[in-house]
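Thanks for passing this one along.

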Amino acid sequence: MSERRPATATTTGGPDVVRLLLVASVSLITLVAFENLAVTTVMPSVAADLDGLRLYAVASGAPLAAQLVATAVGGAWSDARGPRGALVGGVLLFCAGLVVAGLAPGMEVLAAGRAVQGFGGGLLIVPLYVLVGSMVPAPRQPRFFAAFAVAWVFPGLVGPGIAGFVAQEWSWRWVFLAVPVLTLGASVVLLPLLRHLPGQPDRPDEARPRARRLVVAATGAGLAAAALQVAGADGGAAGLLLAVAGGAVLVLTLPVLLPAGTVRLRAGVPSAVATRGLLNATFLSAETFLPLLLVREHGWSVAQAGLVLTVASVTWATGSWIQGRVSDEELRRRLLWVGPLTLALGTLVTAGATVEGAPGWVVVVGWTIAGGGMGLVFPAVSVLVLQRTPAHRHGRISSSLQVADALGAALGLAASGGLFIALVGRGGTLAYLAGLLLAVVVALLATLAGARAGQRGEDETDDPPGGSERRVADDADLPADGAPLPGG
């Protein structure tokens, strides 16, 4: 195990540099989060305008598969050469992908642009966390991370409404094309601050082979997830071949990326990691199709359909607030299965909107419940794995959580997208119903995984008080504080 360089480096630029870093980095995170939710809101308009219903799930899931790769690349790049190059490259790719998507003449080009956007977004987020560790005095770092959390939550409150209004009054294309201008503006503030970075220490030689394995494995898993998404949209012999190839690559890469026993739901930390992946598979695969259901089948406007994303963000934040005030250990273990079970219930209620004659507001009720379930369990899983993992492995286990988040969402969309394409031609709401019922089944599996996570696994011991705050990442691992997923 390599030695971790000190995380208490301070900037030479004084408090003004720290304040500017806070403003610029929070702005970038907010823009990345806004774009994820905004695009989900306007995707029904995009699909109608570009006649791209067949690639709806692919265009929605491409950024998630690309983000999985970018997280590994960004972590290795930042460790090996410092955060400057990864940050600049991420900003440029994020903006370029948005421009391509905004000008896309067809859904295929838009999906490609979104993949570039997702890769750039994932790449630029990683070094922002590295910058905090390198440039911000330790006493001020908690405030930065609190601001980063708000930067992910706030777009969920206003993003869908803004995106829906823009799409209705002007064009969905401006949802893509306006953000690069704002991103470059924030970067103009941030990039000059990088001259205050302390020197980059040499990375231990023994850390490099593991970093390379992680990058290769994450790249393979990301490509496999993308192949499965395309297979679901394509069907036929080519789709089957892609599905088989993608599945084979996942079999080879998952043991490198996830703790041993994750797929088998081994008690303790492995099941906790599996829980996170299953939660994202449920939530993102269902939420992606809800605006489409409301717009196409219930006649809602895009702006009205965006309300579903907003209320889920509010109840997610509320659930997170509630779980943060539960201190009893037994109650916290119960949250690990109560949260997924609440998500399953909310998703089942949401599926009621597919019944003939049911009103569209059933979706709002159901997804309000689902968001609360996610808030109860999502941060609780993070706390559990950090408490039961030695401090020197916090970076590795945090990386596994990020991989599970991205991979679960990407694979969930691949499955629900394939089911949707197979059934949408039959008319009615059967395609939506099938996808939502699949999400319920996955949420129930997450409930089982959560119950298994609450059991103590082999060689697991709780950290002493404060252990969850002493995240020490191995240099060979991905960053301990990665970016949450859309809606997360």
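1. A word on elements before anything else: helices (H or I, at least four residues) and strands (E, at least two) are DSSP runs, numbered from the N terminus. This is a predicted model, in which local features need pLDDT of at least 70 and side-chain atom pairs count only at pLDDT 80 or more, while totals for chains, interfaces and linings use all residues. Residues are numbered from 1 along each chain as its sequence is written, and side-chain values use heavy atoms, with hydrogens and water left out.

2. The search of the whole structure turns up five of them. In one, glutamate 330 pairs with arginine 333, their closest N and O atoms lying 2.5 Å apart. These two residues are three apart in helix α11, and therefore separated by about one helical turn. For accessibility, buried means under 20% relative accessible area, exposed over 50%, and partly exposed in between (1.4 Å probe, protein chains only). Glutamate 330 is partly exposed at 35%, and arginine 333 is also partly exposed, at 25%. Salt bridges with shared partners connect Glu329, Glu330, Arg333 and Arg334 in one network.

3. Which residue does arginine 276 meet in a salt bridge? The partner is aspartate 405, at 2.7 Å from N to O. This pair links distant parts of the chain, with arginine 276 in helix α9 (residues 269-298) and aspartate 405 in helix α13 (residues 394-424), 129 residues apart. Arginine 276 counts as buried at 6% relative accessibility, and aspartate 405 counts as buried at 4%.

4. Glutamate 108 and arginine 54 form another salt bridge, with 3.8 Å between the closest N and O atoms. Here too distant parts of the chain are linked: glutamate 108 sits in helix α4 (residues 107-135), and arginine 54 in the loop between α1 (15-50) and α2 (56-81), 54 residues away. Glutamate 108 is exposed, at 52%, whereas arginine 54 is partly exposed, at 43%.

5. Now to threonine 350, which is found in helix α11 (residues 329-351) and is buried, with a relative accessible area of 0%. Taking contact as heavy atoms within 4.5 Å, and leaving aside neighbours within four places in sequence, threonine 350 touches Leu290, Val362, Val363, Gly366, Trp367 and Leu436.

6. A nonpolar core is a set of buried Ala, Val, Leu, Ile, Met, Phe, Trp, Tyr and Cys residues joined through side-chain atoms within 4.5 Å. The largest has 136 residues, and those with the most contacts inside it include Val46, Met107 and Leu190. Helix α1 gives the most to this core, with 18 residues. Beyond neighbours within four places in sequence, the contacts of leucine 190 include Leu21, Leu87 and Leu128.

7. Finally, valine 442 lies in helix α14 (residues 430-454). Valine 442 is 161 residues from alanine 281 in sequence, yet their C-alpha atoms are 7.3 Å apart in space. Neighbours within four places aside, valine 442 is in contact with Leu278, Ala281 and Thr282.

Note on methods
Salt bridge = Lys/Arg side-chain N within 4 Å of Asp/Glu carboxyl O.
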